[in-house]
Amino acid sequence: MPNHTREQWGSRSGFLLAAIGSAVGLGNIWRFPAEAYKNGGGAFLLPYLIALLTAGLPLLILEYGVGRKYRKSPPLAFRRLTRPAESIGWWQVAICFVIAAYYSVILAWALRYAGFSFGKDWGSKPDEFFAGEFLKTGEPGMPTQWVGGVFWPMVVIWLVVLVILWLGVRRGIELANRVFIPMLVLFFGALVVRALTLDGASKGLDAFFSPEWSALGEGSVWVAAYGQIFFSLSIGFGIMVTYASYLGRKADLSGSALVAGFANSSFEILAGIGVFATLGFMAQANGVGVGEVVGGGPGLAFVTFPTVISEMPMGELFGVLFFVSLAIAGLTSLISIVQVVVSSVQDRLNLSRSTAVLSVTGALAVVSLAIFPTDVGLPVLDAADHFINAYGIVLAALVFLLVVGWGVRKLPAFQEHVNETSAVRLGTWWRVCLGVITPVGLGWMLFDSLRGEFEENYEGYSTSFLIWTGWSVAIGAILVGVLLALVSSRKPVATDDTNIDADDAADGASSGAGAGGQGQVSKRRES
């Protein structure tokens, strides 16, 4: 089969905008404000910052290093570390496939609600409209009817994703983010300014920023902080490895990670300000405390905000700004998630980009359109999202860190690799964070989640429903990763970068010198 030269970003700013676009997503807008409020308000920012510095940025830099060094998608990049690690890469690809399948339906909801905002079509009871008239949600189980109002916007979403990915990394993903990220900042900035002028905005901001210092003594608050950083930075499921694989050899990695990480966190705080200023208005208008109107997830976006929009002056404009911002933030993230699958398939099978894009987006569109625009789409999404995040992304990242840090002992080699071209040099703290602090944090998050899982069923769903929509999805992703790695190991691996082997050999010598020879792994060319 023909070999294909790997694409590259047009500029550092193009890569940064794409990385920021991937990180800034739905979780920034509807997850962070609620997490901060219920975990100490302003005091939550302290563990959040510590989590960013000790887990988020170090892991982001490592993923940049792996991607840039090996210039491959996760499965083949991890294979270069040690052959068994290829299964971790395919595991992350399976996770991305699952997330992309349900992520698209949320964007469809946002598009429809942007249209609903003009006439406030949700009426006086947005909660009943969202679950009932709009989604026609029934009892968790097998689907019984289609929801055309969700199906057709999803078709549009998948066509947009197809076109952008078809155009490639530079002409598609980079160009799209150059348009979408400024639009997102403009629209959401206007929304925040409008929210701050509402009566009761100060009441909401007080609730958001007032610190409860006693909360810092609770382990759950620290778990929440690490969880938020982890989920919001798009780390742990192959996206940043993939994006960094399109970087040039001299790209600044640690500096780029700092820019992307702090840009993402700044947007989260901006989202918190906008959301809580709005909730403050709602609380004052209804004569209740802010705590009584705080929520997170789809409920915040598609129930609470429509309620506010119906009550506020110029609510139509506010609604359009909010839901268009939600759709843009979600679209840039969805593009990055699908790109992981496209790149992995393209690298492994040595396909042309057009063939890989058509195959992957076609398969994803079929799966997502068959499940989520139905009367069980909402509960299936809820369960799948919970389990694939808690027992997919977190566990895959933990295994990856244990392999790199303690299995093949490559952290010193990657530290040296990053420092060669980066303005901000890494020191011992970076290895300590990735070798000790982050694995301990991830392990505790898993333990805490599992403990809660066995105490009571998630959201009160039946055990059978959670088995086939939650546990089977999380465990299935692991099995798919192992199976694809086994199948892949029987086929030759094509490479478009002859410098990889020289880099491997140099790193192997470095690792051996720094870790008593335990960093040595096989470096022979796979062809």
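Predicted model: local features only at pLDDT ≥ 70, side-chain atom pairs only at ≥ 80, totals over all residues.
Visitor: How many salt bridges does a search of the whole structure find?
Guide: Among them are the pair of Glu-174 and Arg-178, the pair of Asp-347 and Arg-6 with 2.9 Å from N to O, and the pair of Lys-120 and Glu-316, whose closest N and O atoms are 3.8 Å apart. For the whole structure, the search finds 7.

Visitor: How many residues apart in sequence are the parts that Asp-347 and Arg-6 tie together?
Guide: The side chains of Asp-347 and Arg-6 meet in a salt bridge, and both residues are buried, Asp-347 with a relative accessible area of 8% and Arg-6 at 10% relative accessibility. Because Asp-347 lies in helix α14 while Arg-6 belongs to the segment before α1, the parts that this pair ties together are separated in sequence by 341 residues.

Visitor: In which helix does Glu-316, the partner of Lys-120, lie?
Guide: Lys-120 and Glu-316 form a salt bridge, and both are partly exposed, Lys-120 at 23% relative accessibility and Glu-316 with a relative accessible area of 31%. Lys-120 lies in the loop between α6 and α7, so the pair ties together parts that are 196 residues apart in sequence, and the helix that holds Glu-316 is α14.

Visitor: What is the phi of Lys-120?
Guide: Most residues other than glycine have a negative phi. Lys-120, found in the loop between α6 (86-119) and α7 (126-134), has instead a positive value, near 50 degrees.

Visitor: Where is Arg-71 placed?
Guide: Arg-71 is a residue other than glycine with a positive phi, near 50 degrees. At 8% relative accessibility, Arg-71 counts as buried. Its place is in the loop between α4 and α5 (74-81).

Visitor: Which element gives the largest share of the lining of the largest cavity?
Guide: The search of the whole structure finds 2 cavities of 30 Å³ or more, and the largest has a volume of about 50 Å³. The elements that give two or more residues to its lining are α4 (45-70), α10 (219-232) and α18 (428-455). By class, that lining has 7 nonpolar, 3 polar and no charged residues. The largest share, 4 residues, comes from α18.

Visitor: How many charged residues are in the lining of the second largest cavity?
Guide: The second largest cavity has a volume of about 40 Å³, and its lining includes Ala-19, Leu-60 and Asn-264. The elements that give this lining two or more residues are α1 (12-23), α4 and α12 (253-286). By class, the lining divides into 8 nonpolar residues and 2 polar ones, while the number of charged residues is none.

Visitor: Which element gives the most to the lining of the second largest pocket?
Guide: This pocket has a volume of about 370 Å³, and it is lined by 18 residues, of which Trp-90, Val-93, Val-345, Val-480 and Leu-484 lie nearest its centre. Its residues divide into 13 nonpolar, 3 polar and 2 charged. The element that gives the most, with 8 residues, is α19.

Visitor: What accessible area do the residues of the nonpolar patch on the surface have together?
Guide: α16 (377-407) and α18 each supply at least two residues of the patch, and the largest share, 4 residues, comes from α18. One of its members is Val-432, which is partly exposed, with a relative accessible area of 40%. Taken together with Leu-402, Trp-406, Val-436, Ile-437 and Val-440, Val-432 forms a patch whose accessible area is about 520 Å².

Conventions. Residues numbered from 1 in each chain as written. Heavy atoms only, no water. 1 Å grid on protein atoms, 1.4 Å probe; cavity = no way out; pocket = protein on both sides within 12 Å on 5 of 7 lines; lining within 4 Å. Points joined across faces, edges and corners; volume = space filled by probe spheres on them. Nonpolar A, V, L, I, M, F, W, Y, C, P; charged D, E, K, R; others polar. Patch = residues over 30% accessible without salt bridge, like charges linked within 9 Å, V, L, I, M, F, W, Y side chains within 5 Å. Areas by Shrake-Rupley, 256 points an atom, 1.4 Å probe, with all protein chains shown as cover. Salt bridge = Lys/Arg side-chain N within 4 Å of Asp/Glu carboxyl O. Buried < 20%, exposed > 50% of the residue type's maximum accessible area, 1.4 Å probe, protein only.
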